Amino acid sequence: MIPELGQTALIVALGLSLLLGSLPLWGAYRQQAHFMSLARPLAAGQFAFAALAFGILIHAFVVMDFSVAYVAGNANSLLPVQFRVAAAWGGHEGSLLLWQLMLSGWTLAVALFSRQLPPATVARVLAVLGLISVGILSFTLFTSNPFARLIPSAPDGQDLNPLLQDPGMIFHPPLLYMGYVGFSVAFAFAITALLEGKLDAAWAKWTRPWTLAAWVFLTLGILLGSFWAYYELGWGGWWFWDAVENASFMPWLVGTALIHSLSVTEKRGSFKNWTVLLAILAFSLSLLGTFLVRSGVLTSVHAFASDPQRGLYILVFLLIVIGGSLTLYAWRASQVGLGGRFAAFSRESLLLLNNVFLVVSMGTVLLGTLYPLALDAFGLGKISVGPPYFDAVFAPLMLPLLLLISVGPYVAWKQGSVARAWHDLRGVALVSVLLTAGIALSQRTSVGVAVGLLLGIWVLLGSVQHAVQRLRAQRWRSVPLAFWGMVVAHIGVGVFVLGVTLVKGLDQVRDASLQVGQSLTLGDYRFDFKALDKHKGANYLAGRATFEVIHHGRHLATLHPEKRFYVVQRMPMTEAAIDRGLTRDLYVSLGDTAPSGAWGVRVQVKPFMGWVWGGTLLMALGGALAAADRRYRQRARATAPEHASASGTPTASDLNVAPATL
């Protein structure tokens, strides 16, 4: 009866969500404190029962209760226990329950860490989150119940998709969902601000750390997903512009714009309408990602379900959330106000351009993702939109954005000076051009690679110089964490751009058919095929090759790529072997075997691949540092934003409030 206890816990959680979404909202409307005071205990109860249900589901997988249909469809007695735990969110029903658990967790966090907020604001924010939970829990119980019984019980399960039997899948979905769902907090604050009819500095200050935290989790989730695709799929690609990859990338782009917009609203009182619209858009795109992954409209290794009825429910829920929030926005936006004025060349203007490029970039990704689906839905044929489209459309939009990253911190609020900004940045520009020319000429790179190198070095050096200037003007102990978060995140962007540019521009690949004892050479590396052994895993059989890598006559590494066959699902899988270094990755994967006994082998030399991962980690670290700034833990004051210097020289106050991420 334990699974029935889990289902009961979900029903109780739904009831508590209904109460959370109604009573505190009514109390805030009627200014009745006893109703508003119910918000925090209801949020705690909702989380407790959602956690209980999720714990019971994990227990069913661990003990291999194949009388539960979801367990029988996603686990097997041969599956190692760590992957049985991961299988709890490896399919549609469990991933949706994980979604709800994360939402309940964010709701509880807001309840616990918002004591400094006005009671009516807390009540409204938690009520909005409760209403979202009502939609997700209803979807779970009525269309995607993870505790549905299988009668009679299956003797064994169908096993987890072999693609997901990887340590990366243990951590990737929870981190990704923490980011996805975390934008619901910014959404709830935005709806609350519209209901109250005020978006001021205090509102932005309350919202910004939650948005930063969600953005950090989403960044880490995307990083782990990309890293998993790099080594698990066998082809060595770190980003394929897959539609489900795009589903997580779009809210990340808008979330990045939202963070910058919140900084302007908090410190300058500008962008009020734009900020609340970005908050609505970020969460709406998170829901759109949920629809794409679970509706059956996509075929992807990342997709969870192919049930159009479930997709219809999510689509209706999506229309209610987006339509309702935009209707409220249209009704109350005129009462928000436009905020302070600023000159054409000012930090506000540059941050506005930053937001425009990010949102337009998101639009190009959205178009490339949905256009093929729309054509198919209307019977106009099937097309495939892949990397060539995104490389041609998305990349050019990033060029001016990267240019602005280093310029923005050197421009004052309200009224900047072109002459002053150029005076501060001319040394960075000169060194960037010289370094790029030296690298491009020595490596004989293309023009595109040279442009990428120039912008990466420009961002990196501009960020470092900004930090040095700050330390000269102020003791490092008194510099706020938000500033260091901005610097670290911008350095991460520079490192990331350099890594991507060098990988795409200097990557070397060679395919060959080899028998044991043969070799192939790629660049300065020789790969010797030494042996092929049989290997038996917990639920698979594998051929494990041994490759010795020779570099300039010296042994460098021994690699063991595998070709696996998962016996339950009768599915072959390629497990690549990678030797990682600071300046290059050596990548070997096995293909199919020929009648002659030769094996298809792909070897790759991927320069500076680690910089892609390292740059992304630095971006996430920068966001975490900014979210940890102690000023966000102080009681917010609804005061008018301070005024910056009208000269071209940033004041100490200007530097304190520089945007904390990308």
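How much space lies in the largest pocket? I noted about 1,300 Å³, in a predicted model where local features need pLDDT of at least 70, side-chain atom pairs count only at pLDDT 80 or more, and totals for chains, interfaces and linings use all residues. Residues are numbered from 1 along each chain as its sequence is written, and side-chain values use heavy atoms, with hydrogens and water left out.

I looked next at the lining of this pocket, which has 49 residues, and found Trp238, Trp241, Phe496, Val500 and Lys504 to be the closest to the centre. A pocket here is an open set of points on a 1 Å grid over the protein atoms alone, where a 1.4 Å probe fits, with protein on both sides within 12 Å along at least five of seven lines, and lining residues have an atom within 4 Å of a point. Among the elements that give two or more residues are helix 11 (243–268), helix 18 (481–506) and strand 10 (599–607), but helix 15 gives the largest share, 11 residues.

I then turned to Asp528, which I found in strand 3 (residues 525–536). Helices (H or I, at least four residues) and strands (E, at least two) are DSSP runs, numbered from the N terminus. Asp528 has a relative accessible area of 7% and is therefore buried, a word that means under 20% with a 1.4 Å probe and protein chains only. I also noted that Asp528 and Ser519 are joined through their side chains at 2.5 Å by a polar contact, that is, a pair of N or O atoms within 3.5 Å, one able to donate a hydrogen and the other to accept it, where residues adjacent in sequence count only if both atoms are side-chain atoms.

Terms used:
Points joined across faces, edges and corners; volume = space filled by probe spheres on them. Buried < 20%, exposed > 50% of the residue type's maximum accessible area, 1.4 Å probe, protein only.
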